[in-house]
Amino acid sequence: MRAAVRVGIVGGASAVLAGWAWVAAVGRAPVMVVALPVVGAVWLLVLLHHGYLIGRGWAHRRRRRNSRERRAAWAPAAGVRAPIDYPNVLRRPSGDAPVDHQGRYRATGVRLAVLPLLAVLFLTAHTVLPERADGLGIGFVLAECLLLGSLVWTVWTEQQPSRPWVTSRVRAELFRREMFLLLAGVGPYLGRTDQEAELVRDARIGLLADAGPSALDRFAHLTDQDPDGGERDWRDEVWRRADDPAVPALGDLGDLGDRMRTYLDHRIRRQRLFMELAAEKCERSEGVLGRTVKGVVLAAVGVAVSYAVLLAAVPDGHRPPTAMALIAVLAAGLPPLCNSVLAVQNLLAGQRLAVSYRETRLELLGHENALRRLLGQPEGPELLRSFRALVVRTESTLTEELRRWRITVAKPEFDAGL
């Protein structure tokens, strides 16, 4: 539905531009001619924003089709219970989707990366126009002012542009983490009865639902706060309280194997698949952008040399032929195009994210192998403690990945070069 709306917006803007161009060409009204480049600049802004979102949705559907077999191979066996089938474990509360915030943030960033290029092209078009096109030349200058004004206004007003996306994704991941802490009875739920665990769960979920960035950072810590201000690491607590009779088992030990298999399939294997697919996507986008930068640089050198040769061939006192205008526009536009691609590359941060995803995937693979070994051991208190310790180590790995991701994508403001 959203894609259809965006296509309609782009189609409507294109129809307005086409109609305006027809009226300006037929009527030759000075106001219509001067305003034509301005209308074209507005059309480009609309096209950049909604066109990126349309292309992003199409690319997501294509990746889903290509990864269908791998996702099917992950699907848990019929006998493996879902996390929400266990007592006290709730679904993640519905709310805003991190992917929507990501789309809006990146669409704005891509638009800002391309605006300097468009401003240069509009200014170059003005300089190469024939002398009789004064009205159109004024329009190109006004359009350039509009583009640069849009760039400056967006940079000044969009402070902390990635915050909605970062906050939404961190909150969603911490909600998901809470499910599996409950499943294993670790962290804030260690040593709690079912009734106590339910109260702690409700309090933590309520706190998480309203938490801002600073509160989310504190919530992500794998520690409990002592009354005196000290902190107790959850990883240490599993073994420190190993002989504490106040620490009950996970209900009946008879379902410990079920919980372990649920954690293996729904947490470790699922997250490992996500990291693998995400790393591939980042590496693919990084490769495309890297090759584009190299191609643009080579093309810029070739066009500049060609333009110099053609200018040298024009006799003194003669105006260069109109056909050279296109080459002049290319010679002026290719260098800022290279900068635009580099800005998009920095915005997506594909290489840094891919390294983080790959590292996390390897750690999850180690946790998966350790849990598979535990599944072959006889059930009992020692197995329960080992499972709980493994859960805390796994959640520590995922929390650390979330911290690296936040550092990578968070920006105090958009980068924009003129």
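The paragraphs below go through helices, salt bridges, surface patches and backbone angles in turn.

This is a predicted model, in which local features need pLDDT of at least 70, side-chain atom pairs count only at pLDDT 80 or more, and totals for chains, interfaces and linings use all residues. Residues are numbered from 1 along each chain as its sequence is written, and side-chain values use heavy atoms, with hydrogens and water left out.

Begin with one helix. Helices here are DSSP runs of H or I with at least four residues, numbered from the N terminus. Helix α6 covers residues 163-184, which is 22 residues. From its first C-alpha to its last it reaches 32 Å, close to the 32 Å expected at 1.5 Å a residue; the expected span is 1.5 Å times one less than the number of residues. Of the 22 residues of α6, 19 are buried, so the helix is largely enclosed by the rest of the structure. Buried means under 20% relative accessible area, exposed means over 50%, and partly exposed lies in between, with a 1.4 Å probe and protein chains only. The areas come from the Shrake-Rupley method with a 1.4 Å probe, and for residues only the protein chains shown count as cover.

Leu-183 is a residue of helix α6. Leu-183 counts as buried because its relative accessibility is 0%. Leu-183 and Ile-84 are 99 residues apart in sequence, while their C-alpha atoms are 8.8 Å apart in space. After α6 comes Gly-185, which has a positive phi, near 65 degrees.

Positive phi values also turn up in residues other than glycine. Gln-160 has a phi near 50 degrees and sits in the loop between α5 (134-157) and α6. With a relative accessible area of 34%, Gln-160 is partly exposed. Ala-349 is not a glycine either, and its phi is positive at about 50 degrees. Ala-349 belongs to the loop between α11 (324-348) and α12. Its relative accessible area is 4%, so Ala-349 is buried.

Next come the salt bridges. A salt bridge is a side-chain nitrogen of Lys or Arg within 4 Å of a carboxyl oxygen of Asp or Glu. By this rule there are 25 salt bridges. One of them joins Glu-198 to Arg-201, with the closest N and O atoms 3.9 Å apart. Both residues lie in helix α7 (residues 194-209), three residues apart, or about one turn of the helix. Glu-198 is partly exposed because its relative accessibility is 35%, whereas Arg-201, at 7%, counts as buried.

A second pair is also found within a single helix. Arg-404 and Glu-400 form a salt bridge in which the closest N and O atoms are 4.0 Å apart. These two residues are in helix α13 (residues 381-409), four residues apart, about one turn of the helix. Arg-404 has a relative accessibility of 18% and therefore counts as buried, while Glu-400, at 31%, is partly exposed.

A further salt bridge runs between Arg-361 and Glu-276, whose closest N and O atoms are 3.4 Å apart. This pair links distant parts of the chain: Arg-361 is in helix α12 (residues 350-375) and Glu-276 is in helix α10, 85 residues apart. Both Arg-361 and Glu-276 are buried.

Last come the surface patches. Patches are made of residues with over 30% relative accessible area and no salt bridge; like charges are joined within 9 Å, and nonpolar side chains (Val, Leu, Ile, Met, Phe, Trp, Tyr) within 5 Å. Lys and Arg count as positive and Asp and Glu as negative, while His and the chain ends are not counted. The place of a charge is taken as NZ of Lys, CZ of Arg, CG of Asp or CD of Glu.

A patch of positive charge on the surface gathers Arg-61, Arg-62, Arg-64, Arg-65, Arg-68 and Arg-284. Helix α2 (residues 30-66) gives the most to this positive patch, with four residues. Arg-64 lies in α2, and its relative accessibility of 42% is why Arg-64 counts as partly exposed.

A nonpolar surface patch is made by Val-297, Val-301, Val-305 and Val-309, with an area of about 340 Å². Val-297 is placed in helix α10 (residues 256-313). With a relative accessible area of 39%, Val-297 is partly exposed.
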